[in-house]
Amino acid sequence: MKDLIKREIIDMNNEILKHMEKLKGYKIMIYPFNQDSIDLKEILESKLGIHVDFFCDDSMPSGKCSSDVMLFRDILEYRKSHNVSVFLSNKKEHEWFYDFEKFQRIGILCANIVTYQQLKYYLNILENPCVETQNYLNQLRVISSDETVNKRVDITIRNLENCKEVYDLFADELSKKVFARLLAKKILNCKFFFDVYSPDQYFDKSLIQLSDHEVFFDVGAFDGDTIEDFIINCRDKYKYIYAFEPDNLVFSQLVENAHKYKNISFFNVGLYDETKIIRFKKSGLGSSHIWNWFDDASNSLDYEDKCVLKGDVLDLKPTFIKMDIEGAEIKALCGLKETIISNQPQLAICAYHMPEDLWMIPLYINNIDQGYKIYLRHHSYTDSETVCYARKDFNEENL
């Protein structure tokens with residue numbers, strides 16, 4: 001497996017180099033306009049030979065002319081006649097995502113938005129070209145200032161040889177490619193994901209077939225966004241929807257958004273491997289979750305006692321289970337084991353919240369029922385939204 005990952009790293013880095021060369025031919029802007037952006041312009045032009053055409057900001061800074069700074073509101077018109085690439089100067093690990101989404105929403109291709117963390121990785125490739133050696137992985141292991149990142153990298157490296165069994169489980173070559181590529185990205189803390197992106201999260205017709213009588217379990221239903229996609233994809237023909245969302249604030253939004261749909265029940269609980277009261281971190285956002293090892297428990301106000309259910313006790317008959325529950329997926333699958341064995345539903349299980357989810361979730365599904373065909377896809381340009389799919393054979397002519 002290590003030799004496979006070494007080859008994957010070389011291919012991945014070569015693809016990133018080609019991708020960045022392509023972007024150099026576009027109109028380059030840096031967002032927003034501030035001192036970090038000025039420093040980034042110097043790096044791009046002096047170190048990388050990337051000409052920056054202008055800065056972009058929400059308002060015109062004093063003392064700058066329109067030839068230096070383009071207003072964000074003018075980008076829509078500008079991109080009609082130009083290929084545009086955006087470099088984001090925000091260095092903070094998570095805050096940059098708001099800027100990323102801002103450009104994504106106006107139609108800038110996600111692959112054409114380069115974050116500060118991606119640029120750091122690109123510089124590292126240029127300064128440390130790949131060399132085949134026995135200690136290759138250990139030499140390239142990235143030491144991050146974020147201890148959580150370091151722990152995740154170490155967990156991946158320690159389990160690398162165990163991943164061969166998982167690699168062989170996947171039912172198609174694309175799944176194997178995505179799996180190996182994601183392992184490489186975890187080890188190197190690589191933030192480029194244009195090379196593994198797939199559209200149609202949860203509802204790729206080559207993986208999931210919806211009938212007119214689906215019983216849909218939306219586990220981690222959030223505000224009902226996936227329910228809306230489900231109804232669109234099944235053309236409003238289904239049997240029943242069960243929506244599970246433990247976060248109280250989000251649950252009220254879920255009910256408000258989805259109560260208009262027919263044949264739907266809402267559960268303000270989480271699913272787990274047993275029924276009990278558990279420590280739950282609330283956020284009012286999609287990141288609410290059962291307490292994990294990487295949590296900072298210093299602020300007790302972030303937590304509340306919450307009921308979780310063993311899914312088997314509900315005695316329901318799902319035909320399709322989607323699960324996005326921030327790292328509790330294996331526990332919830334365990335609690336649904338008899339339900340899955342009895343009903344053989346199609347599965348779409350998120351496998352990115354915990355570092356070991358990437359290999360443990362496919363293994364666990366296979367242990368429940370070895371008759372499942374197992375697939376893996378990645379559905380975002382960030383390190384989130386990796387989904388493990390599982391299904392029994394279906395009739396291809398019905399697709």
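Author: Start with contact, which means heavy atoms within 4.5 Å. The model here is predicted. In it, the buried residues of α10 pack against β6 (215-219), β7 (240-244), α11 (248-258), β8 (264-267) and β13 (320-323).

Reader: Which residues of helix α10 are buried?

Author: Thr 226, Ile 227, Phe 230 and Ile 231 are the buried residues of this helix, which spans residues 225-233. Viewed down the axis of α10, they fall within an arc of 140°, so they line one face of the helix. After α10 comes Arg 235, with a positive phi near 55°.

Reader: What should I look for in nonpolar cores?

Author: In soluble globular proteins, nonpolar side chains tend to be buried together. Here the largest nonpolar core has 79 residues, and Ile 5, Phe 87, Phe 179 and Ile 365 have the most contacts inside it. Helix α9 (residues 173-188) gives the largest share of this core, eight residues. A second, separate core of 26 residues includes Phe 203, Phe 216, Ile 264 and Tyr 352.

Reader: How many aromatic pairs does the structure hold?

Author: There are 22 aromatic pairs. Planes over 60 degrees apart count as edge-to-face. The rings of Phe 54 and Tyr 78 have planes at 90° and centres 5.4 Å apart, so this pair is edge-to-face. It links strand β2, which holds Phe 54, to helix α3, which holds Tyr 78, 24 residues apart. Ring pairs also join Tyr 202, Phe 203, Phe 216, Phe 230, Tyr 238 and Phe 320 into a cluster.

Note on methods:
Residues are numbered from 1 along each chain as its sequence is written. This is a predicted model: local features need pLDDT of at least 70, side-chain atom pairs count only at pLDDT 80 or more; totals for chains, interfaces and linings use all residues. Side-chain values use heavy atoms; hydrogens and water are left out. A nonpolar core is a set of buried Ala, Val, Leu, Ile, Met, Phe, Trp, Tyr and Cys residues joined through side-chain atoms within 4.5 Å. Buried means under 20% relative accessible area, exposed over 50%, partly exposed in between (1.4 Å probe, protein chains only). Helices (H or I, at least four residues) and strands (E, at least two) are DSSP runs, numbered from the N terminus. The arc is that of the directions from the helix axis to the C-beta atoms. Rings of Phe, Tyr and Trp (its six-membered ring) pair if their centres lie within 6.5 Å; planes under 30 degrees apart count as stacked, over 60 as edge-to-face and the rest as tilted.
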